[in-house]
Amino acid sequence: MIGLDGPTLAVAVITQVDPGTEIEIGTTDGLLGGALGAALTTLVVGAILIAIAPDYTERMMDDALADPFGSFLYGIASLLGIGLLTLLLVFTIVGIVVAIPLFLLAYLVWAIGGAIAYLAIADRLVGRNDEWVTRLLVAAAISGALAVTGVGGILAICIGAAGFGAVLRNALE
């Protein structure tokens with residue numbers, strides 16, 4: 001009989017062929033799920049904006065296109081400020097009551113701003129002669145396509161920040 005001492009037993013356990021559990025790791029599930037989520041968010045929020053406030057949506061699209069760099073800087077600075085404020089409120093424990101609604105409000109404004117920014121880009125690509133449906137579908141496709149790639153994700157954050165900044169600047173000024 002062969003005796004298994006400590007190190008030999010450890011190697012035998014680590015290198016076993018069938019450990020009994022099957023774990024599948026795939027990057028396509030996460031990428032496609034993120035792309036689908038981004039496209040659906042843009043589609044749903046954009047459709048709600050167009051249905052409820054088409055004039056506001058067009059005005060915000062024009063504002064985002066008139067000064068995209070200024071809107072981007074305003075959006076990034078606001079996002080960092082809100083993130084820092086939320087973090088500080090969470091650390092105080094008592095501030096969690098304020099931090100959660102603040103985070104949800106910021107997320108809602110981010111979704112609105114992102115949808116407006118993507119609609120503005122789609123408006124430039126398709127033109128205003130087409131119906132809202134075409135612009136909305138193009139905006140959702142751009143949003144989903146950017147979410148698939150890593151560089152596109154960075155660009156999507158920049159586009160969302162520009163829309164976020166345009167909406168916040170309009171609301172706060």
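Buried residues, meaning those under 20% relative accessible area, with exposed set at over 50% and partly exposed in between (1.4 Å probe, protein chains only), make up 31% of the 173 residues in the protein. The model is predicted, and local features need pLDDT of at least 70, side-chain atom pairs count only at pLDDT 80 or more, and totals for chains, interfaces and linings use all residues. Residues are numbered from 1 along each chain as its sequence is written, and side-chain values use heavy atoms, with hydrogens and water left out. The protein exposes about 10900 Å², an area computed by the Shrake-Rupley method with a 1.4 Å probe, in which only the protein chains shown count as cover for residues. Carbon and sulfur atoms supply 73% of this area.

The protein has seven helices and zero strands; helices (H or I, at least four residues) and strands (E, at least two) are DSSP runs, numbered from the N terminus. From that terminus on, the order of elements is α-α-α-α-α-α-α. Of the contacts (heavy atoms within 4.5 Å) with a separation of 6 or more, 74% are between residues 24 or more positions apart.

The unreviewed UniProt entry carries the annotation "transmembrane region" for residues 31–52, 72–96, 102–121 and 133–166. Such positions are given in the numbering used here, feature names are shortened, and annotations may be inferred rather than shown by experiment. In the model, residues 31–52 are 100% helix and 0% strand, with end C-alpha atoms 31 Å apart. Residues 102–121 are likewise 100% helix and 0% strand, and their end C-alpha atoms lie 28 Å apart.

Rolling a probe the size of a water molecule over the atoms shows where empty space is left. On a 1 Å grid over the protein atoms alone, a pocket is an open set of points with protein on both sides within 12 Å along at least five of seven lines, and lining residues have an atom within 4 Å of a point. Grid points are joined across faces, edges and corners, and a volume is the space filled by probe spheres set on the points.

The largest pocket holds about 320 Å³ of space. Its lining consists of 15 residues, of which Ala38, Thr41, Trp110, Tyr118 and Ser143 lie nearest the centre. Helix 2 (27–52), helix 5 (96–126), helix 6 (132–148) and helix 7 (150–172) each supply at least two residues of this lining, and the largest share, six residues, comes from helix 5. Ten of the lining residues are nonpolar, five are polar and none is charged; Ala, Val, Leu, Ile, Met, Phe, Trp, Tyr, Cys and Pro count as nonpolar, Asp, Glu, Lys and Arg as charged, and the others, Gly among them, as polar.

The second largest pocket holds about 180 Å³. Its lining residues are Leu79, Ile82, Gly83, Thr86, Phe103, Ala106, Tyr107 and Trp110. By class, six are nonpolar, two polar and none charged.

Aspartate 123, in helix 5, counts as buried because its relative accessibility is 7%. Beyond residues up to four places away in sequence, aspartate 123 touches Met61, Arg128 and Arg135. Isoleucine 76, in helix 4, has a relative accessible area of 25% and is therefore partly exposed. Its C-alpha atom is separated by 7.9 Å from that of alanine 162, 86 residues apart along the chain. Isoleucine 93, in the loop between helix 4 and helix 5, counts as exposed because its relative accessibility is 60%. Although isoleucine 93 is not a glycine, its phi is positive, at about 65 degrees.

Definitions and conventions. 1 Å grid on protein atoms, 1.4 Å probe; cavity = no way out; pocket = protein on both sides within 12 Å on 5 of 7 lines; lining within 4 Å.
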